[in-house]
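Please look over the model below. The report covers confidence, a pocket and a helix contact.

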Amino acid sequence: MEKKIDTDGMPKKESGFACRFEKFSEKVTRISGSPWAFMTAMLMIIVWAITGPMFNYSETWQLVINTGTTIITFLMVFVIQQSQNKETLSLQLKLNELIAAVKGASNRLISSEDLTGEELATLKRFYEQLSEKAKSEKDIQATHSVEEAEENAQEKKEHFLQK
């Protein structure tokens, strides 16, 4: 549950509906991802298929499975998205904590989820260059942060200009 921060620095409680929906979505996501849920769905399809001859494979017989699966799929999109949003936020906070705690890590990456696609592509190219550099070094434990790389680039530029 994403907690809003009040003006006094204390977390604000979410509305009753939002809280109930979060709990509901957690349970549904957990249950729907279970082997039992899969087996239940499979059993329903088998029963539906077996009843086909009894209903002469009528349009109504087909409509039952189409309507049922469409409704379930439509509702599950929202339930799964709720759970995914919470998990993504939780993961992002954990990564932010690691970035903030590790000496030499670039704090500019803490809010990288707010960057544009173009900015992310630029950062990706930069890290690909760092990866290539790391591959060429003899020390396999050598690491580089964005700041170290910028300092190295500045030193190289100054060294080049001195020549």
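## Confidence

pLDDT is the predictor's confidence in each residue, on a scale from 0 to 100. This is a predicted model. The mean pLDDT of the protein is 84. Of its residues, 80% reach 70 or more.

Among the elements, strand S1 (residues 4–5) has the lowest mean pLDDT, at 56. Helix H2 (residues 35–50) has the highest, at 96. Where pLDDT is low, the predicted coordinates should not be read in detail.

## The largest pocket

The volume of the largest pocket is about 280 Å³. Two elements, H2 and helix H3 (59–101), each give two or more residues to its lining. H3 gives the most, with 7 residues.

The lining consists of Ala41, Met44, Ile45, Trp48, Val64, Ile65, Gly68, Thr69, Ile72, Thr73 and Met76. By class, 8 of the lining residues are nonpolar and 3 are polar. None is charged.

## Where H1 meets H3

How do the axes of helix H1 (residues 16–32) and H3 cross? They come within 9 Å and cross at roughly 105°. Angles of 65 to 115 degrees count as roughly perpendicular, so H1 is roughly perpendicular to H3.

On the H1 side, the contact residues are Phe21, Glu22, Phe24, Ser25, Glu26, Val28, Thr29 and Ser32. They meet Met76, Phe78, Val79, Ile80, Gln82, Ser83 and Lys86 in H3. This contact has 7 nonpolar, 5 polar and 3 charged residues. Met76 of H3 is in this contact and also lines the largest pocket.

Definitions and conventions:
Residues are numbered from 1 along each chain as its sequence is written. This is a predicted model: local features need pLDDT of at least 70, side-chain atom pairs count only at pLDDT 80 or more; totals for chains, interfaces and linings use all residues. Side-chain values use heavy atoms; hydrogens and water are left out. Helices (H or I, at least four residues) and strands (E, at least two) are DSSP runs, numbered from the N terminus. On a 1 Å grid over the protein atoms alone, a cavity is a set of points where a 1.4 Å probe fits but cannot get out, and a pocket is an open set with protein on both sides within 12 Å along at least five of seven lines; lining residues have an atom within 4 Å of a point. Grid points are joined across faces, edges and corners, and a volume is the space filled by probe spheres set on the points. Ala, Val, Leu, Ile, Met, Phe, Trp, Tyr, Cys and Pro count as nonpolar, Asp, Glu, Lys and Arg as charged, and the others, Gly among them, as polar. Axes are lines fitted to C-alpha atoms, for helices over the stretch in contact, and angles run from 0 to 180 degrees between N-to-C directions. Angles under 35 degrees count as roughly parallel, over 145 as roughly antiparallel, 65 to 115 as roughly perpendicular and the rest as oblique. Contact means heavy atoms within 4.5 Å.
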